[in-house]
Amino acid sequence: MKPSQDKLSLFNWLIQKYQRKIYWHVRKMVISHDDADDLTQEVFLKVWQGLDNFRGDSQLFTWIYRIATNECLNFLRNKRKMQFCEIEDFSEVFASDHNHDVLISGDDIQLALQNAIMTLPDKQRLVFNMRYFDEMRYEEIARITGTSVGALKATYSIAVHKIENLLHVNQHKLHYAA
């Protein structure tokens, strides 16, 4: 069965409009370019498959971000199972991938921030990235994640506190090592 021209046009428009945003949303969660590339393709495959069933209960952007978010969380869960790592060890695996990634800015402060972010649990990292880097409103994040605004504010606050503590500890380590 051949897809309608309207569906094809809409899908092409969605890819042009959101592919880069979705890629970077995914990349901040999974770190690896190859994994982010694969997951972005998976997201848009699911968008294509679900386009006929999209009811318009939310904006297309919200719906696509929700698909991307779920794909990231499923990917991370599966990767964790495959590597037989505990959560703390898994963060270290991602942090080591991150330290060798040529596309990540190399200045020490940015690297320290990214490493601190990588120690957060998946949900905290997701909320932090969406609020801090993507500058999304809590209401928008709530629609994407299906979480209440109050819970998101608490999650973000905890994430910020953890990151600040880690950066403070690392700053003292660098100061005393010098």
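Here are some friendly notes on the structure above, point by point.

1. First, the ground rules. This is a predicted model, in which local features need pLDDT of at least 70, side-chain atom pairs count only at pLDDT 80 or more, and totals for chains, interfaces and linings use all residues. Residues are numbered from 1 along each chain as its sequence is written, and side-chain values use heavy atoms, with hydrogens and water left out.

2. On the overall fold: the protein has 8 helices and 0 strands, giving the pattern α-α-α-α-α-α-α-α along the sequence. Helices here are DSSP runs of H or I with at least four residues, strands are runs of E with at least two, and both are numbered from the N terminus.

3. Of the contacts between residues at least 6 apart in sequence, 62% join residues at least 24 apart; a contact means heavy atoms within 4.5 Å.

4. Beyond its neighbours within four places in sequence, L39 contacts V26, V30, E71 and F75.

5. Two backbone angles deserve a glance. Most residues other than glycine have a negative phi. I31, however, has a positive phi near 70°; it is in the loop between α1 (5-30) and α2 and, at 4% relative accessibility, counts as buried. E135 also has a positive phi, of about 55°, without being a glycine. This residue lies in the loop between α6 (122-133) and α7 (138-145), and E135 counts as exposed because its relative accessibility is 65%.

6. Finally, the surface. D34, D37, D38 and E42 form a patch of negative charge. Patch members have over 30% relative accessible area and no salt bridge, and like charges are joined within 9 Å; a salt bridge is a side-chain nitrogen of Lys or Arg within 4 Å of a carboxyl oxygen of Asp or Glu. Asp and Glu count as negative, with the charge placed at CG of Asp or CD of Glu. E42 belongs to helix α2 and is partly exposed, at 35% relative accessibility.

Key: Buried < 20%, exposed > 50% of the residue type's maximum accessible area, 1.4 Å probe, protein only. Patch = residues over 30% accessible without salt bridge, like charges linked within 9 Å, V, L, I, M, F, W, Y side chains within 5 Å. Areas by Shrake-Rupley, 256 points an atom, 1.4 Å probe, with all protein chains shown as cover.
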